[in-house]
Amino acid sequence: MPKNEGRNRSEEKNRPEEKSLWRKCPACDEIIYDKELKENLWVCPKCQGYFRLNAGERLHMLVEEKSFRETITRPPSFDHLGFPGYAAKTANLSASDAIVAGTASIGKHEVVIAVMDFEFMGGSMGSVVGDKVAMAAEAALKSRRPLIVVSSSGGARMQEGIISLMQMAKASAAIARLDEAGVLFISIMADPTAGGVSASYAMLGDVNIAERGALICFAGPRVIEETIKQKLPDGFQRAEFLEEHGMVDIVSDRKSLKGILIKLLDILDFS
Ligand SMILES: [Zn+2]
């Protein structure tokens, strides 16, 4: 069983930005000391803007220290379309593909957790992502531990064509089996959660939580505006807008997220 704290060697190798001690805030352009940013859960201390988190950073902020074990792994995606450059690209990126999955503790609760990684090809959902979500649901079903999935994805992975769309059904069916068995599933949507991920497991939580300001949509706002030739309302498809319209249950700021998760587990985890 591989021991992993949400980060593996190939990820380290391919994160040149982590070698820098400073990062630039995408919202206000301030240069911030990396350590300060980490202590502030990757929230800009100047403008309170959110940095997108990779899977390791997300696990760091959500689960108890050193409790994560990457127990759910898959071989790399099979390049069945022979998509130009795809095999080389995935071979050069993290072995975890766009999702890291395993077991961890959150508060006093043992959970199965899968965290998507937007840094891996925009968090796109190919066969490895679909498999690992389904496997995480199966592990939760078998152990009757709550399942937590943190989504951050541009949607289905075009390099895998129709196979990527099939993942929606596979993952949703696995989540449905959890539902029938009465095992808790909490979905957390980070910026952005789009396309086939928003249209499948990300929206199927017993509780759906969105991080403040996150874009959560099927087609993005630009595509919709260009199609309907109309200006969209302010905040359209953002977490708060979805909460107002009953599409998500809770909007959480980043610092409150773990506390909310523990409260929900205290109330709803019967394992
Ligand atoms: Zn900022």
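What follows is a friendly conversation about how some terms apply to this predicted model.

Author: This is a predicted model, so local features need pLDDT of at least 70 and side-chain atom pairs count only at pLDDT 80 or more, while totals for chains, interfaces and linings use all residues. Residues are numbered from 1 along each chain as its sequence is written, and side-chain values use heavy atoms, with hydrogens and water left out.

Reader: Why is Leu265 called buried?

Author: Buried means under 20% relative accessible area, exposed means over 50%, and partly exposed is in between (1.4 Å probe, protein chains only). Leu265 has 0% relative accessibility, so it counts as buried. Leu265 belongs to helix 10 (residues 254-268); helices (H or I, at least four residues) and strands (E, at least two) are DSSP runs, numbered from the N terminus.

Reader: What is Leu265 in contact with, apart from its neighbours within four places in sequence?

Author: Contact means heavy atoms within 4.5 Å. With those neighbours left aside, Leu265 touches Ile106, His109, Val111, Pro146, Ile148, Leu184 and Ile186. Pro146 is 119 residues away from Leu265 in sequence, yet their C-alpha atoms are 8.0 Å apart.

Reader: What makes Lys66 exposed and Asp29 partly exposed?

Author: Lys66 has a relative accessible area of 51%, which is over 50%, so it is exposed. Asp29 has 48%, which lies between 20% and 50%, so it is partly exposed. Lys66 sits in the loop between helix 3 (55-62) and strand 3 (69-72), and Asp29 in the loop between strand 1 (22-24) and strand 2 (31-33).

Reader: What is noted about phi in Asp29 and Lys66?

Author: Phi is positive in both: near 70 degrees in Asp29 and near 60 degrees in Lys66. Most residues other than glycine have a negative phi, and most peptide bonds are trans. On the peptide side, a cis bond joins Asp191 and Pro192, with omega about -10 degrees. Pro192 is in strand 7.

Reader: Why are the buried residues of helix 6 said to be on the same side?

Author: The buried residues of helix 6 are Ser164, Gln167, Met168, Ala171, Ser172, Ala174, Ile175 and Leu178. They cover an arc (taken from the directions from the helix axis to the C-beta atoms) of only 160 degrees, and therefore lie on the same side of helix 6. On the other side, Ile162, Ala169 and Glu180 are exposed.

Reader: Which elements do the buried residues of helix 6 pack against?

Author: They pack against helix 5 (127-143), strand 6 (147-153), strand 7 (185-193) and helix 7 (195-198). The buried residues of helix 5 are, in turn, covered by elements including strand 3, strand 4 (99-106), strand 5, strand 6 and helix 6.
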